[in-house]
Amino acid sequence: MSQPDALSAPAEDNAALDTPEGAENDGPAPTRSAPAPSGAEGGRLAATVERLREEALEAQSAADGRALLELAKGILVGRLGCGPVEASRQLAKLAEQSGTTLLALAVDIINQSARDRVSEVAQDFLATAVVEQASEAAPAVRLRTAESRALAADDTPAVAEALLENALAPLGAHGVAIWLAGADSSLTLAGQAGFTPEEADRWRYVPPEVATCARLALTHRELSVVTSLSHASLPTIGRRQYPGGGRIVIPAGTGGRIHGVLEIGWPQPLPPQSAPITRQLEALAELCAHTLEEQSPHSIPDAADAAHHATLAELTDLANHLEDTVLVLAPVLDRDGHLADFRIHHVSNGFIDPAGRPRSMVTGRHFLEIYPAAAEDGGLFDALERTYATGEACQAVRTTLTTFVGEVPLTTLADVRISRHGSALLLIWKIEDEKARLANLLQHAQRLGRVGGFEQHMRTGEISWNEQLFALFGLPMSATPIPLEDLAAHAHPHDVNSIGRFLRTLLHSRRESSVEFRLQRPDGITRHIRMVAEPVLDDQGRLYAVRGACQDVSSQHWTEVALAATRDQLADTEAESADRSRLALQLQHAIMPPAPAPLEVPGIRIAVRYRPAESQSLVGGDWYDAVVLPNGKILLSVGDVAGHGIQAATGMVVLRNALRGLAVTGAGPAQLLAWLNRVAFHLTSHLTATAVCALFDPETRTLQWARAGHLPPVLIRDAQAQSFPLTAGLLLGALPDAAFAEEEVQLQADDILLMYTDGLVERRDIAVTDSLAQLLTVASRSADTLEKRLDSVLTYSASDTDDDTCLIGIEVR
């Protein structure tokens, strides 16, 4: 906490110190007072005004108390599972038993439920301060009342008045000012209470970089105290009124950004503040932060997202037109809404990374993930945080940028500039000493790529190896380098001929050449090496030296071997997958042909259309069934097993046949689905499925039906199609035991019933309800026969998911 009370300045009330830079300093304009009433008439008027003021305050206090009481009742309703009346009785009973007031008890219940900043501050204050907990003036009550008033306030001035009356006046404060911080670090007086209107008008705007008490909070980004204005040279609102008073200023921010400042004034010098008081004031500043954030048009979520994306697009375009390295950074917040990191949204075309990484490895990653050393105290991340919080641009010359290549730190000097634009940052750096940086990058690249270089003078026999080549051959730095002529002695015997061709091309034909061989190192390890070399000729065309490089390509070799094995395995897997798909398709077609012949049963006529998925790899588990039971009723069912392939097809067979067998018992549709659910859960490897089961009685024309997570049937009567109601019913296999609702519908002659799977109506771009409405429209169209009606429904289906589709039409005679 910063306390700039040691600043030196004249003690007199200097007007230049009491007015923001750039504002006129003519003092308050003279005002004309109305003639005051005299005598008994004036006394009665004053008494009436005072009485009305007290009544207004009492009404406001009562309203605040009612809001807190209602909130506490709502918490009790949720916890106890009772009604509002019982919650009110419990609240009164608890207050009586605890010996506290209803309001104090309500605030205590809210604090225990909320566990937010206000409740923590209240508990801390009560643990250290001597305060009567049952009193309605306790800190917890004051803070919750202030919060309630502030949230209900229509504007920032009302928030300032609520904070002063309910939370700060009991602490001895006389005035509150809420400042809104601009993008250019200017300050605008958003609301105030306790200061004169003339003073507020003079301080409505403070230009950037003008030193005031409120700006201390932006500079230090923490609560700051001015013990006495008479000992400081900082101007501020209301200094003329209380020249010897004290001030406390707290930054008000959310998500790592400072939206403004809460300034609190006391009429007398301030003694040292206790920790509970400090936390109480910080909680009020956090409440102001949300109020200031809501004043911006970007506080609306959609507007904020649109503005953020527009800013990122503009900064991306700007970065691509700059020659230096430019990073566009977007904030990353943690679960509590605090700034945790920045995401590298874009890097410029001229991007130069100190570690030599390409743009693709940096873009989209978190800043501290790429540059973890920036998190050190006083490092680059601190500068990013400060610019993001205050909006003040930062420029640093010869800043140290530390990156890591593997575990090796790489330090680079750069000129850095940071600026905030909306909710994004623009980071620009220009790296110094380019030649040294490139040399470091080359060295690290050789080490990471396991590349070693050599040079051999053919006349003198002198051989030079770098450090990486010694490590590659498994030799110490003190060892004698191996001449090219002796290279075959260190290679696998099967590679001797390849090395011979390489040397003939290089030394005799004097052309660039390359070779891959297995190097047998002294430590017994065999490595796959690729050597590339070129001849160096003198001015007379004679061979002078040979220069080259060796690279360890063992990992690439074994990768190619593994890839070849994977190709063979993949070919076998593809063949196996094709066999499984073909088997599933044959099984599906054997049970459900795409267009079976119409089924003639007593009282109804049944037609079926089945449209399999276009891709054979998506063979699904849709099924339909229609069978006459021993009791004369007709079982009608349609279902869909989740998933595709052989498992879905076999699961479909199990459920379809199980339903046929269970239906012989004469049980109703709801009971049949309950039994089928147990089959799906226990006997089919936890398959899940949806289904509709119906029993039609030809004698009475009644239809009993139930559903298990499936779309209900559609009834077409008098050229009007309507869907059955969406009754309760969980999908099959989700739980071991489930209950299903059963409905009964009286059908009439010439009624048509459609039962279908979701492949008929499912779309990716619209809701199922919209697709179902389109289905009802198509189904209502006239058709000569039942088969033509089904063909029309299938043709004009709204589906676009390439899923199996099953459609059953039942015509009542």
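Leu760, Val761, Ser771, Gln774, Leu775, Val778, Val793, Tyr796, Ser797 and Ala798 line the second largest cavity of this predicted model. The model being predicted, local features need pLDDT of at least 70 and side-chain atom pairs count only at pLDDT 80 or more, while totals for chains, interfaces and linings use all residues. Residues are numbered from 1 along each chain as its sequence is written, and side-chain values use heavy atoms, with hydrogens and water left out.

**Cavities**

On a 1 Å grid over the protein atoms alone, a cavity is a set of points where a 1.4 Å probe fits but cannot get out, and lining residues have an atom within 4 Å of a point. Volumes are the space filled by probe spheres set on the points, which are joined across faces, edges and corners. The structure holds three cavities of 30 Å³ or more.

The lining of the largest cavity consists of Phe454, Gln456, Ile463, Trp465, Leu469, Phe473, Ile482, Pro483, Leu484, Leu487, Met531 and Cys550. Strand S12 (451–457) and strand S13 (463–465) are the elements that give two or more residues to this lining. In the second largest cavity, helix H20 (residues 768–779) gives the most to the lining, with four residues. Helices (H or I, at least four residues) and strands (E, at least two) are DSSP runs, numbered from the N terminus.

Ala, Val, Leu, Ile, Met, Phe, Trp, Tyr, Cys and Pro count as nonpolar, Asp, Glu, Lys and Arg as charged, and the others, Gly among them, as polar.

| Space | Volume | Lining residues by class |
|---|---|---|
| Largest cavity | about 90 Å³ | eleven nonpolar, one polar, no charged residues |
| Second largest cavity | about 50 Å³ | seven nonpolar, three polar, no charged residues |
| Second largest pocket | about 680 Å³ | eight nonpolar, seven polar, eight charged residues |

**Second largest pocket**

A pocket is an open set of grid points with protein on both sides within 12 Å along at least five of seven lines. Strand S5 (246–254), strand S6 (257–266), helix H9 (275–295) and helix H13 (380–390) each supply at least two lining residues. S5 gives the most, with five residues.

**Chain totals**

The protein chain has 21 helices and 27 strands. Of its 813 residues, 44% count as buried, where buried means under 20% relative accessible area, exposed over 50%, and partly exposed in between (1.4 Å probe, protein chains only). Contact means heavy atoms within 4.5 Å. Among contacts between residues at least 6 apart in sequence, 61% join residues at least 24 apart. The accessible surface, by the Shrake-Rupley method with a 1.4 Å probe, comes to about 40,300 Å², and 52% of this belongs to carbon and sulfur atoms.

**Cysteines and backbone**

There are zero disulfides in the structure, a disulfide being a pair of cysteine sulfur atoms within 2.5 Å. Cys213 is buried, at a relative accessible area of 0%, whereas Cys394 is partly exposed at 25%.

Arg510 is not a glycine but has a positive phi of about 60 degrees. Arg510 sits in the loop between helix H16 (496–508) and strand S14 (513–520) and is partly exposed, at 38% relative accessibility. Asp718, also a residue other than glycine, has a positive phi near 55 degrees. The loop between strand S23 (714–717) and strand S24 (720–723) contains Asp718, which is exposed at 71% relative accessibility.
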